Each structure stands twice: as structure tokens, then as C-alpha cells.
Amino acid sequence: MLLRRASDGPMWGWRSPFAELERMRRQMDWLSSGLSRGLVGESAAGVFPMMNVTEDKEAYFVRAELPGLKADELDISVTGDTLSISGERKLSVEDEKAQYHRRERDAGRFSRIVSLPAQINTDKVEARCADGILTVTLPKAESAKPRQIVAKSS
Amino acid sequence: MTDSESKALQAKEKAEVTTPAELTRPGLVFTPAVDIFETDSEITLLADMPGVKAGELNIDLHKNVLTLEGDVQAPEGADEADVIREYRTGKYYRQFTLSQIIDQEKINAEMKDGVLRLSLPKVKAATPRRIAVQS
């Protein structure tokens, strides 16, 4: 059935049925690991900021929620296949006489290094902060991109 | 550690809403972290709502109940596949009951870099009124 669909569907790339299964497997793993920690326990690495990493054929995308921070307040660097982000979150200083009812927002320093699954084209890395979400786009190095090889008939 | 030295931030899982109100749309809903403080003239609320654009934020004050509702569009592109997912995205929702009377006309909300700053000016203390009791 799977083979038929893979060959019948004109939109299915050579890689996609397995990539899709792999994606589902990862999602199931993530869900089950979430269940075992009750979905409220420690995150995967437990380091601030928490990150979501996605990929497409061309690049990796690293996202983190950093409300109140601007791109130029962050220190972002890339080498080979690692990305490091550090900075400090400061909260605005309010009136001394202000009486607090709730104080849930945190301030402080942070620093995190992530290893990506493949080499990065470090010259073309872009970082953008919008609405409190940092997005770092890391184009894959040529050697890390999937390449379709056409078999020649002799 | 001295006061001038800032502490290191800890990773925190976002708190999911356990709201008594029924939600009509599917998706996850989180409680934004807030700071609320009060001066003689106003109450200020700061809320961390990363991913919420100014146009997608709903603030409602009705009968002393302040409701914040922020919609978040998934930031991922259509053909991106997950590698690691540590945090989840969804809407934000939180309600507060205000004890002070707020001057509704002068409420000011500002959304900047995912942080909402909401100023709720108190109604100027009404001049004491003497009510004559008629016998």
C-alpha cells in the first residue's frame, strides 16, 4: 500500500514517505517523553532559553521565546555546526513607591550552545527578533544538503 | 551574590491554562507570566506574551474583570520538519479581578517585543459626598 502510494502519487518525492515516518516517530518520541515527565517537568535540556529547532531542505531554523529582548541585545555566534546564544534579560525599572501584587517575570543572564545535526554555512546565518521570538536561520553547508543522484544507464 | 550581579535565568515550562471557561477553538492555551504593580494613580500590568502581535491581542474589562487574550500564529513555515521541540506554542489567556475602579477611558495598552504593558488609571478619588438623611 505504501509502495503503491509512493509510486502513484506524483507529488511524493523520493525521500518523503520515509521522512514523514521519521517525523512522526520523532513526534511520538517527543510526546511519550513528555508523558513520562508529566508534560510539566524539565524540558529536554533544561537550559534557558528553550528552543525549537526545525529544518527544511535548505536550512535549520532555531527559535526561542525571548519576550522584551531585541536582536542587538543578543550575542549570537556560529562555528561549524554549533550555535551559541547569550544575553541578559533586564526588566524595566519602575517607580520605587510601586506596590507589587504579582511578580512572575524573571530577569537574568543566559547562555546556551546547541549542536546542529549537520554543518552550517556560517557566512549566511541570519537572526531576527520579532514579537519576542528569536528566529535564527542557519543555511546548511553544501555538503550537508540532500542531493539527488541520477543513475546513468550504460 | 550581590544585588548588582544578575542571576542566571532558569528554563521554565510554560503553564497551561486550567480555565473554567470553555474554549471554543482548538489548540493549546497558556497563562502568560505577569507583573502587576500599583501606584497612587494607576495599576500597571506587564505580561510576557511572545509571538503575539498588537493586532491579535484582545483586552477586555467588564465588571472589574480584566481579560487578556492573545492569539499566536505558528511561526514555522509549511515545509519545516521538527528536529527538537522543547517548548510549545499556543494562545495566551488570563483573567484578573480588579479591586479598584478603573478609568476605562484612559486605559493604555502597548505591545512591544512580545511584552504587553497595560496602564489602568484609577478613577480620581471622588470628592467626598455627604448624603443628607432625611427624617
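My entries below go from confidence to cores, sheet, interface and a few backbone details.

**Ground rules.** I am reading a predicted model, where local features need pLDDT of at least 70, side-chain atom pairs count only at pLDDT 80 or more, and totals for chains, interfaces and linings use all residues. Residues are numbered from 1 along each chain as its sequence is written, chains are lettered from A and ligands numbered from 1 in the order written, and side-chain values use heavy atoms, without hydrogens or water.

**Confidence.** I checked pLDDT, the predictor's confidence in each residue from 0 to 100. Chain A has a mean of 80, with 80% of its residues at 70 or more. I took helices (H or I, at least four residues) and strands (E, at least two) as DSSP runs numbered from the N terminus. Residues 1–13 of chain A are below 50, and this stretch has 4 contacts in the model beyond near neighbours in sequence; a contact means heavy atoms within 4.5 Å. Residues 37–43 of chain A also stay under 50, with 12 contacts beyond four places in sequence.

**Cores.** I looked for nonpolar cores, meaning buried Ala, Val, Leu, Ile, Met, Phe, Trp, Tyr and Cys residues joined through side-chain atoms within 4.5 Å. Buried is under 20% relative accessible area, exposed is over 50%, and partly exposed is in between (1.4 Å probe, protein chains only). The largest core has 24 residues, and Leu83(A) and Phe110(A) are among those with the most contacts inside it. Strands β1, β2, β4, β6 and β8 of chain A each give two or more residues to this core. Another core, of 21 residues, lies apart from it and includes Val52(B) and Leu98(B).

I also looked at Thr135(A), which is found in strand β8 of chain A. Is Thr135(A) buried or exposed? Thr135(A) is buried, at 15% relative accessible area. Leaving aside neighbours within four places in sequence, its contacts include Val62(A) and Glu126(A).

**Sheet in chain B.** I traced an open sheet of 4 strands in the order β1-β7-β5-β4, with mixed pairing. β1 (29–30) and β4 (57–62) of chain B each have a single partner strand, so one side of each is left without a neighbour in the sheet. Two strands pair if DSSP finds at least two bridges between them; β1(B) and β7(B) are parallel over 2 bridges.

**Interface.** The contact takes 47 residues from chain B and 57 residues from chain A. About 4700 Å² is buried between them, 50% of it from carbon and sulfur atoms; this is the accessible area (1.4 Å probe) that two parts lose on being put together, summed over both. I counted 10 salt bridges between the chains, each a side-chain nitrogen of Lys or Arg within 4 Å of a carboxyl oxygen of Asp or Glu. Lys53(B) forms a salt bridge with Asp131(A), the closest N and O atoms being 3.5 Å apart.

**Backbone.** Asp131(A) has a positive phi of about 50° although it is not a glycine, and sits in the loop between β7 and β8 of chain A. The peptide bond from Phe48(A) to Pro49(A) is cis, with omega near -5°.
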